[in-house]
Amino acid sequence: MATKRKTTRLRKGEILDIEEYHDGRYGAPGMPRQKKRKPTKEEMQRVNDMNRTRKCRLMLLQYFSHGDYFLTWTYRVADRPGDMAAALKDFQKAIRWVRDQYKRRGSPLRWIRNIERGTKGAWHIHLVVNRIPGAADILEEAWIHGGTYITEVKKSPYYDEDFSKLASYITKSEKSREKKADGSQAKPRIREASYNHSRNMTLPKPHVDKLRRWKKEAKPKKGYYIAKIYEGINPVTGYKYRRYTLIRLHRRI
C-alpha cells in the first residue's frame, strides 16, 4: 500500500490534524514509479520550511487559543542590536523576566517567537504567548528597548481557524517570498531571522494508517467539520498530498 494517512490528535481529540500522502518509496496507484534522485537544495529548503511551519501550527493548535496574545517588540533606533547574537540576548533577558512573573502567579509560560532584521536594518520580535490575568502589563514592562504592540490572536491580521496564517508568518525567514497579485514572487523583506519556541510544548505522536487508494476528496469524520484543507505536490517525491484540520462540532476546549 502506497497511500498513507497520518492523524495527530490535539486537545484530547477536539482537533484532528490529518495528512494524506503517497509514499515515494513505493509509487502510487495510477502514477508511474519515480526513479530515485537526489533533491535539489531548493527542494530540500521548501520541505524544511513546510515541516517547520507545520510543527509550529500544531503547537499553536495544541497549546494556544484565539484569545491568547500575538505581540511585537520593536527597537528604538538608538537601541538596535549590532547582530543577531545581541538581539538573542535581549530576548532571553526579557523572556526570563516574563517567565518569572508567570511563575509567581502559578502559571506556565509558553511562547513562540521570530526575531527579524529587515532589509532596511530595523529589528523586531514577533511573539505568541499564552494569556493570563495581567499578561499585557507583564509583557510591556519586560521590554525596555522600544515599543510593545499587543493584540489577541483572533484580532490580528494573521488569524484563521487552523492557525495556518499565523504559523506561516511567525516562521518566515530570509528565504521566504510572498506572492504578488500576478503570481510572481516579491523581493525578500527580511535580511535574517531566528525562529524558536519554549520547550514545554511536546506534541502527541501521530497515528499512521495505510489506505487502499487515494480518495478524490477529503470527507469529515462524523461529529467534525473541515476547518481548512490544502492540496499540493510534495517537491521531493513529486506525488500529491493533502492536509486538513478537523474540529469537533460544539467543541468544548
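Against which strands and which helix do the buried residues of helix 2 pack?

The model is predicted, so local features need pLDDT of at least 70 and side-chain atom pairs count only at pLDDT 80 or more, while totals for chains, interfaces and linings use all residues. Residues are numbered from 1 along each chain as its sequence is written, and side-chain values use heavy atoms, with hydrogens and water left out. Helices (H or I, at least four residues) and strands (E, at least two) are DSSP runs, numbered from the N terminus.

Let me begin with helix 2. Residues 84-104 form this helix of 21 residues, and from first to last C-alpha it reaches 30 Å, close to the 30 Å expected at 1.5 Å a residue; the expected span is 1.5 Å times one less than the number of residues. Its buried residues (under 20% relative accessible area, with exposed meaning over 50% and partly exposed in between, for a 1.4 Å probe and protein chains only) are M84, A87, D90, F91, A94, I95, V98, Q101 and Y102. Seen down the helix axis, they fall within an arc of 120°, so they line one face of helix 2; the arc is that of the directions from the axis to the C-beta atoms. The face turned away from this buried side carries the exposed residues K89, K93, K103 and R104.

To return to the opening question, the buried residues of helix 2 pack against strand 3 (69-74), strand 4 (111-118), strand 5 (123-129), helix 3 (135-142) and strand 7 (190-197). Contact here means heavy atoms within 4.5 Å.

Just after the helix, G106 takes a positive phi of about 80°.

Next, strand 5. Six of its seven residues are buried. Strand 5 runs antiparallel to strand 3, to which six bridges join it, and F70 stands opposite V128. With strand 4 it pairs in the antiparallel sense over seven bridges, where N114 stands opposite H126. Pairing requires that DSSP find at least two bridges between two strands. Four residues lie between strands 4 and 5 in their hairpin, in which G121 takes a positive phi near 100°.

Five strands form it in the order 8-1-2-10-9, with antiparallel pairing. Strand 8 (207-211) and strand 9 (224-233) are the edge strands, each pairing on one side only.
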